[in-house]
Each structure stands twice: as C-alpha cells, then as structure tokens.
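Thank you all for coming. Please have the sequence and the structure open while I talk, and I will go through it chain by chain before turning to a few individual places.

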Amino acid sequence: MSESLLHTAARPVTAARAGGLLRRHWPWVAALAIALALPWLLYDWTRARHSGFGVAMLSQMGMMIIFALSYNMQMGHAGLLSFGHAVFFGLGGYCTAHLLNTIKAGGFWLPVELVPLVGGLGGLAFAIVFGYIATKQRATAFAMITLGIGELVTSCALMFKSFFGGEGGVSTNRVVGTSLFGLNYGPSIQVYYLIIVWTVIAIALMRLLTETPLGRMANACRDNFERAQFVGYDPSRVRFFQFALSGFFAGIAGGLYALTYEIVTFDTVAGGMSANALLMTFIGGVGTFAGPIVGAILIVLLQSWVSLLSNSWLVYVGVLFILMVTFAPGGIAGLVLMHQPIARSGRMGRLAAPYARMAGPGLFVAVGFVLLIELCSFLTIGASQGKTFVLAGATIDPKSPVPWAIGALLLVGGGLWLWREGRRVRAAWDAVMEEIKAAAARP
Amino acid sequence: MEVLLVSLLNGLVYGMLLFMLASGLTLIFSMMGVLNFAHASVYMLGAYFAYDISRHVGFWPALVLAPVLCGAVGALIEMYGLRRVHRNGHIAELLFTFGLAFIIDKAVQMAWGLLPVAYRVPAVLDRPLFTIYGTNFHAYRGFMLLISALMFCAIWLMLTRTRLGLVIQAALTHPEMVGALGHNVPRVFTTVFAGGSALAGLAGVIGGNYLVTEPSMAFTMGPIVFVVVVFGGLGSLAGCFIASLIMGFVQTFAVVFDVSLANVLALVGIKVTEASWFGEVLTIPLPRIGALLPYVMLVLILLFKPRGLMGTRDT
Amino acid sequence: MSESAIRLRDVHKRFGPTPIILGVSLDIIRGQRHAIIGPNGAGKTTLFNLMSGRFPVSSGTIELNGRPIDGLAPHQINRLGLSRSFQITSIFSRMSVLENVRCGLLWSRGYHYSFWHLLGRERALNEAALRLLEDVNLESRRDVPAGLLSYAEQRALEIGITIAGGADTILLDEPTAGMSRTEANHAVDLIRRVTAGKTLVMVEHDMSVVFDLADVVTVLVYGEVIASDAPAAIRANRAVQDAYLGTEVH
C-alpha cells in the first residue's frame with residue numbers, strides 16, 4: 001500500500017502532466033489572460049490610444065500585488081508584523097532610479113527588462129542589514145523596531161541629498177535604449193506588459209517558496225515557536241531569511257515603481273506606504289497565498305476611482321479595515337474560504353436568501369454613512385477648496401439639516417435592520433454547519 | 001551657560017509633556033499588552049476639543065472638560081472595540097488601534113479641516129514669567145510644568161495610596177495573576193484605558209497651544225511617544241519618567257548644539273568635507289538631524305537592552 | 001564502563017529567589033530507559049527544561065554525551081542529539097500530519113534554511129516521513145490537519161516528531177497524560193518500539209507505565225533526588241513510599 005502512495009511523491013514530467021498543470025492552475029491562467037486583455041477593453045478606439053488612466057491603474061495594481069505578496073511573506077507566512085516594509089520598496093526604487101541614470105550616462109549596461117532585478121537586490125541588501133537587527137526580537141519589539149527603522153529611513157530620505165535627493169527625490173528616465181527586445185519603453189503600455197511579466201515571475205517564485213524547507217519552517221515558527229526549536233531550527237534565523245527574501249521582492253516592486261513613474265521620493269519609504277502594505281494584505285486576507293492579491297487590487301481600485309469622487313476615500317479604507325479586524329480577521333479571502341465546506345456539501349442555496357436580505361439594509365447603511373462623511377468633508381475641506389456637493393445632478397447644501405437627517409436616518413435605521421438580518425444569517429449559518437457536522441459524523 | 005540653563009528648562013517642559021503622554025501608554029501597554037496606536041490620536045482630540053471648548057466657554061473649562069471627554073472616548077474604545085477584538089489575539093488588538101488611529105486622523109481632518117487651527121495660549125498666561133540671562137521664560141511653560149507636576153503627584157498618590165492603585169501596580173507586572181485573585185479585571189482595564197486616554201487628552205489641552213494644533217500632530221508625536229515607552233521599559237513608570245526626560249533633553253539640546261560628526265572628527269585631526277566619503281552624513285549639523293535621534297535611540301535600546309531602561313518584563 | 005548520555009552534576013535552579021532544583025546529580029546511561037517520578041511541583045518538568053535548554057541552570061553542569069550543554073540554545077542542543085516532547089501537546093496544528101513529521105526530518109537531513117528545494121519533489125524525504133507515520137500508526141491520517149486529530153493521535157504525532165530527527169536521547173514529558181487505559185497501553189507499545197536502542201528519559205505519573213517501561217527510576221521530591229534505582233527496589237524503598245507512592249501494593 002505504501003508503494004502506491006510513494007508514487008505520488010515524484011512523477012515523471014510528461015506532456016500529459018504539463019496539460020494537467022494547466023488544468024490545475026486554470027484560475028491563474030485566466031487571471032493572466034484578463035490582465036493581458038484589459039488595456040484593450042479600455043482602449044479608446046476613436047482616438048487610437050490606450051486609456052492613460054486605465055493603464056496607470058493597472059500598472060499600479062501589478063506593483064502593489066508584488067508589494068503586498070512580499071509583505072505577506074512576513075505577516076501571513078512567518079507571523080511577523082512589520083510597520084516598516086515600505087523601506088525595502090522605496091530603497092529598491094531609489095537604487096533603480098540611480099541605476100537608470102547611470103545607464104543613461106553610459107556608465108553601465110543592463111537591459112531595461114532586468115532593471116527591476118537590481119531594485120530587488122537593493123531591497124535584499126537592506127533587508128539583510130535591517131533584518132539582522134529586527135529578527136532577533138519577538139512580536140511587539142519586532143513591530144516597534146520596524147517602525148523605528150521606517151521612521152529613521154524616512155527622516156534620512158528627507159535629509160540627505162546625495163542618495164535620496166532630499167525632498168525633491170530622484171528623477172530618472174526609463175528610455176535609456178537598452179532592451180533585449182528592441183522596445184524603448186516610452187509608451188506606458190509597454191511598461192505595463194513588462195510589469196505583468198515581472199508580476200507573474202514574482203508570484204510564481206513566492207508561491208514556490210512556500211513549498212521549500214524555509215517556507216515551511218517559517219510557517220512552523222509562526223505556529224509553534226518552541227516546537228520549531230526542538231526540531232533543530234533557530235527561529236530567529238528562519239525569520240531572518242524570510243525577512244530578507246521578502247525585502248527582495250519588495251525591492252522588485254520598487255524598481256517597477258521607478259520605471260513607471262520615473263521619480264522616487266521619500267513617500268515611497270514612509271509610514272504611509274508601509275500602512276498601505278498592511279492594509280492591502282490584511283483586507284485581502286493573510287491566511288491564503290492569493291489573499292493579498294485581492295487586497296492589492298481592491299485598494300488600488302478604491303484609490304484610483306473613489307479618490308476621484310471623494311476626498312475621504314481613506315476614511316472608507318480605514319473603516320473597512322477596522323470592520324475586518326473586528327469581524328473578519330481572515331480578510332476577504334478568509335470570508336470566501338469559510339464558505340468552502342458549505343459549497344462542497346451543496347448547501348450554498350440555503351444561505352442565498354438570508355444574504356440577499358442583507359443587501360437592502362446594507363445598502364442603506366453604506367449610503368447613509370457615505371452621505372454623512374461626504375457632508376462632513378464638504379463642510380470643512382471642500383468649502384475651503386471651493387467645491388460644491390453635487391449628487392446625481394442635484395446640488396446639496398451641507399449647511400442645511402435635511403441631508404444630515406437623511407444620512408443619519410439611513411445609517412441608524414439601516415443599521416438596526418442590518419443587525420436583525422445579520423442575526424438571521426447567523427442562524428442559517430449555524431443550522432447549515434450543524435447539518436454538515438452531523439452528516440460527517442454518520443458512518 | 002545661559003543657553004544650557006534655558007535649554008534645560010525647555011527640555012524639562014517638553015519631557016514632562018512627553019511623560020504625560022507616555023505614562024498613559026505605558027500603563028495600558030504594561031497591563032493589557034496592547035500597544036495603543038490611537039493614544040497619540042486621543043492626544044490630538046484633546047487639543048481639538050480644548051480648541052472648540054475654549055472658543056465657546058474659555059480655556060479653564062476646557063482644561064477640565066476636554067480630558068474628561070477624552071477619557072470617555074477611551075472608555076468607549078475599550079469597552080466596545082478592544083474587548084471584542086481581544087479574543088483574536090494581541091496582533092489583532094494592535095491592528096485595531098492602528099486602524100482607529102487612521103480613522104481618528106481622517107475624522108479630525110474632516111471635522112476641523114486640513115490647516116492648523118488657532119488654538120492659542122490664554123491671555124492671562126501669555127507673558128514672560130521671569131527672565132534668565134536675558135531670555136524670557138514664558139509663563140505658559142511654567143504653567144505646563146505645574147500641571148505636569150500636579151498630575152504626576154496625583155498619579156503617584158493614586159497608585160500607592162488607593163486600593164485601585166495597588167491593583168494596577170500588581171497588574172503592571174503580573175496581569176494574569178491579578179485576574180486569578182478575583183479582581184474585576186475588565187473593569188480595571190477600562191478604568192486604566194480611560195484614565196490613560198484622559199491623561200493623553202490633558203497633554204493635548206496644554207500641549208496643543210504650546211506646539212501647533214493640526215491634523216498631523218498625532219502622526220508626528222506618536223512615534224516619539226512609542227520610543228519613550230519602549231526606552232523606559234515595560235512595567236515601569238519610573239523608567240518611563242526617566243526616558244521622557246531623556247527624550248525631552250535630547251530633542252531640545254539637539255537644536256541648540258550646532259555640531260556635526262565632522263566637527264568631532266576634526267578634534268582628533270581627521271578632516272572631513274562634504275565631498276569626502278559619506279561627507280553629507282558626517283557634515284550634517286545636529287539640529288538638522290534632530291528628527292532622527294528618537295529612532296536612533298529606539299534602535300540602539302532594542303539592540304542592547306531590549307527590555308528598556310528599567311523594564312521588568314518582556315513584551 | 002557504559003557511557004552516560006546525560007550527566008547532571010550538582011545542578012541548581014532558582015526562579016528569582018525561589019529555588020526549584022536543589023543540587024541534583026544524575027547519570028543517565030546510554031541505551032537506558034530512565035523514568036523520573038515524584039509529586040507535583042517536585043521540579044520534574046523544570047529538570048527537563050534544564051536538560052533541553054529551555055532555561056539556563058543557576059549553577060552546576062549538564063553534559064550530553066560528554067559535552068557540556070548548559071547555556072546552549074534549545075535548537076543547538078537538539079542538533080547535538082537530544083529531542084523532547086512536551087507535557088501539553090506541541091505540534092504544528094495548521095499543517096498536515098505528514099508535513100509535521102517532515103518538518104521534524106528537515107534539519108537532520110541537511111535541508112537547513114534551503115529555499116531552493118521543492119519539498120514535494122524530495123522523494124527520499126517523503127518516503128522517510130511516511131515510514132515514520134507508519135511507525136506511529138498515523139499513515140492513514142497523513143493529509144489531515146494536525147489540529148483536527150484526536151488527543152491520543154496528537155500525542156502519537158508528537159512522539160513521531162520527537163523521534164524524526166534521529167536523536168539518540170529522547171525526553172518524553174508525561175507521554176500518557178490524559179489517556180485512557182487502552183490508549184496508554186498502545187502508547188507504551190509505541191514508545192517501546194520507537195525508542196529501541198535509544199536513550200529514553202521520561203517523566204510520568206502513571207506508575208503502571210513506569211514499572212512497565214523503565215529500567216531505572218529516579219524519584220524527585222522538592223527539587224532533590226531521594227532515590228535512583230531499579231523499579232522493584234524503588235517500590236520497596238521506605239523513603240519513597242513515605243514521600244510519594246504510599247504503601248498500597250500494586
């Protein structure tokens with residue numbers, strides 16, 4: 001019996017196996033196809049050019065996916081909470097910017113396609129230095145020291161001109177004429193495709209890393225520090241290596257940033273960018289590999305679209321974050337995975353009605369909340385900026401009590417109604433889970 | 001000499017302000033294991049509440065009301081937020097306070113605008129108190145010292161002379177044991193959290209018009225307070241006090257002494273200019289890198305003495 | 001003269017001002033099955049923690065195969081050939097059963113901090129892991145997340161992880177705690193099988209297990225060794241009866 005089990009350990013690679021590979025990973029292949037096709041869906045056919053906004057947003061998504069996944073190497077896989085991850089992103093960006101300038105000046109030759117790799121190496125180098133200090137600490141001390149390092153590097157970035165360019169940052173030009181494929185990377189669509197290639201490579205590498213001894217022991221150290229020691233591993237060392245590698249990938253993302261925006265400033269290393277990594281990864285879901293990808297896409301969407309419509313998009317992100325921390329610490333991916341046993345047993349239909357009934361009150365709460373926030377914002381920030389509050393073509397006066405009353409009513413009333421529907425969902429959920437457990441227990 | 005004395009006084013004022021902030025944070029951190037990221041946000045709320053209240057009723061009512069409001073906010077946060085998240089672990093609590101800080105920051109921006117507000121020192125205190133070596137010592141700074149000293153005494157008395165204080169002292173170093181002894185730990189936690197928040201609010205009331213009251217004040221003050229707490233060590237208010245004073249002096253003196261590492265090296269005969277290796281780093285004068293110093297301190301203490309100056313426990 | 005696997009010389013351990021171990025000297029001979037018994041609070045688990053490097057000694061020396069190990073970190077001691085299990089089951093609950101024992105194998109097989117080997121492809125490693133699972137009768141549960149196993153299965157898994165690295169000296173801390181009579185009997189058979197030829201030290205409260213398995217029994221009371229002898233002699237020892245066993249005849 002053992003023999004047949006052992007045969008699964010190593011199968012010869014055949015053509016059939018390659019086909020099986022494709023079949024097994026079809027979600028990834030589909031996602032790649034979508035990513036490749038999207039700019040063409042947003043293409044402006046009348047003017048024969050790509051939507052600048054669309055390509056910029058998609059490029060940002062690619063970078064942030066790599067950044068968030070690299071952060072999850074620490075947070076999700078190794079259980080390390082870092083508040084300074086942007087340091088490796090930004091420093092990778094600075095290194096790349098300097099490299100591009102050096103290539104342009106003729107001091108060094110490297111194809112543009114490989115330039116993000118240098119960003120990665122820069123991130124790796126700094127991660128080794130900072131990681132050596134940081135990973136000797138446990139939990140909260142680790143979080144504190146990463147916060148300190150982040151603030152330290154940010155202050156340096158503002159102060160020192162030689163490497164960081166001071167407040168003005170480092171400008172660069174990606175059209176340096178060195179390319180393996182003869183592209184000049186002037187048009188942003190070309191940069192987008194380069195980003196896709198690097199994103200695919202980064203995702204594949206980080207995914208494979210989870211299947212290596214280091215990746216598994218990082219999980220082990222996260223789950224049970226002592227047990228890991230007693231199978232012969234030094235948990236600080238494991239964390240150190242994991243930290244360094246995550247800095248490598250963050251640096252690659254930073255390199256892509258430098259290529260895309262052609263300027264790197266202190267905000268790429270600052271607390272705001274580190275907070276970004278934390279938000280994307282957590283909201284997406286730290287417990288799965290692909291969770292951060294979902295989080296990155298969502299946050300970039302909010303950033304790109306909602307920020308056009310409202311000053312307060314960060315408030316919405318913050319509220320979403322707190323709601324997730326309190327009610328759904330597994331993130332979006334966690335929420336989806338929770339339904340897996342129910343979907344497998346074919347009982348999803350039972351939850352359809354209760355969920356549908358939450359939609360109405362949920363909408364009211366959302367609209368009420370957004371209304372109140374926007375009113376607030378217009379009263380102070382918007383007024384000073386001379387904007388008027390326009391909703392569906394009608395101008396709303398933030399000073400009159402009417403819209404406030406409506407907003408409050410929607411929020412409070414909708415909230416109470418949502419609470420009741422939430423109770424029903426809970427009851428239906430519990431009932432379904434009971435049934436599943438009973439079915440599993442039956443011989 | 002006069003520069004030294006004046007800086008000493010200023011450093012003392014700033015250090016005491018930091019202690020008002022850091023003491024609440026140390027108490028909360030030591031007892032509940034939660035590093036409250038929102039602590040500096042409550043400080044900011046205290047300043048803004050005081051601004052609004054003093055616009056309508058005056059500074060002196062604000063001095064009493066704003067901290068009370070902040071204490072109430074703290075109690076609400078603990079009872080309805082932290083307690084729920086507690087079961088998801090320490091990291092979840094940390095993330096919760098982090099998200100809270102985020103939201104409070106944005107809420108303040110929305111409620112009061114993006115620009116600094118004109119929260120001013122009350123007229124009666126807006127004069128020099130005495131003159132030292134030709135430099136005026138502002139009366140408001142004396143007032144700040146007075147309030148900080150009074151608050152310090154009040155805390156010390158409360159901790160050593162009341163029953164609640166004894167329970168808090170015990171829970172500072174042995175939180176689980178206190179629960180096992182039958183004390184109403186949740187109520188103690190709420191009280192400490194509310195008290196710490198009230199202290200932060202008070203710091204905001206008196207600090208907000210001394211420094212600038214603007215939406216980024218939490219963001220700038222927050223990390224410094226964390227450094228003080230970590231520097232002083234877990235479980236020790238005395239360590240926190242010493243660390244606050246050290247930080248106050250370091251930040252004040254850094255602005256005063258216009259030296260750079262290059263000057264120091266010159267004393268031993270090594271000549272460094274901007275063009276030499278790491279020239280920029282070595283020739284930068286101390287006042288300009290003042291912002292860096294707290295973080296250098298943080299990294300150093302975590303490297304050499306991770307428990308902090310007088311810490312009694314690991315994190 | 002048979003070599004000692006672990007030798008303690010006048011070991012003291014204080015936690016703050018409280019002394020827990022008061023001058024313990026002990027020789028555990030290679031290949032022996034050595035049980036440590038004693039009333040609760042006697043310091044048995046502390047002794048284990050000292051031997052495995054979880055705490056440093058306050059004074060005295062501990063040697064493993066002739067090499068001083070006091071002051072070494074737990075992972076260093078583990079790499080020198082000592083492995084332990086815990087009183088409260090300590091496994092990697094989020095990983096599958098197979099992956100748990102596989103983690104136990106990694107270091108001793110030289111993988112160290114490799115991030116370039118894909119574990120699924122490592123044939124010899126996976127075969128060894130499966131053999132280990134067969135040894136502890138868990139091969140049918142190989143893909144189950146360890147946290148979902150029954151209590152007795154988790155204890156068996158813990159033993160599997162403990163012996164995975166091929167350590168010569170095995171410390172088991174109350175291996176049959178919380179088990180029914182039948183489960184304990186199975187556990188004893190398992191322990192006897194997998195520790196054949198190795199040095200076994202175990203802390204136990206279940207006297208039938210002790211007298212079944214052990215070659216030598218050491219009695220620890222209030223941090224001091226009051227007797228160390230063959231099981232029959234211990235049973236008859238007056239001082240031990242007074243302190244711990246009572247005069248009931250088993």
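Predicted model: local features only at pLDDT ≥ 70, side-chain atom pairs only at ≥ 80, totals over all residues.

Let me start with chain C, whose secondary structure comes to nine helices and 10 strands, where helices (H or I, at least four residues) and strands (E, at least two) are DSSP runs numbered from the N terminus. Residues are numbered from 1 along each chain as its sequence is written, chains are lettered from A and ligands numbered from 1 in the order in which they are written, and side-chain values use heavy atoms, with hydrogens and water left out.

How does the radius of gyration of chain C agree with that of a compact globule? For 250 residues a compact globule would come out near 18 Å, and chain C has 18 Å, which agrees; the radius is taken over C-alpha atoms, and the globule rule is 2.2 Å times the number of residues to the power 0.38. The C-alpha trace of chain C spans about 60 × 40 × 40 Å along its principal axes, and 52% of its 250 residues are buried, a word that means under 20% relative accessible area, with exposed being over 50% and partly exposed in between (1.4 Å probe, protein chains only). Of the contacts in chain C with a separation of 6 or more, 65% are between residues 24 or more positions apart, contact meaning heavy atoms within 4.5 Å.

Most residues other than glycine have a negative phi. C:Asp10, however, which is not a glycine, has a positive phi of about 50°; C:Asp10 sits in strand E1 (residues 4–15) of chain C and counts as partly exposed at 43% relative accessibility. C:Asn65 also has a positive phi, near 50°, and is found in the loop between strand E4 (59–64) and strand E5 (67–68) of chain C, where C:Asn65 is partly exposed with a relative accessible area of 26%.

Chain B, by contrast, has 13 helices and two strands. Its radius of gyration is 21 Å, close to the 20 Å that the globule rule gives for 315 residues, so chain B is as compact as a globular protein of that length. Buried residues make up 56% of the 315 residues in chain B, and the C-alpha trace of chain B spans about 65 × 45 × 40 Å along its principal axes.

The contact includes A:Phe67 and A:Tyr71 of H4(A) and A:Met273 and A:Phe282 of H13(A).

Finally, A:Ala428 lies in helix H19 (residues 401–441) of chain A and is buried, with a relative accessible area of 17%. Leaving aside residues up to four places away in sequence, A:Ala428 touches A:Leu351 and A:Pro354.
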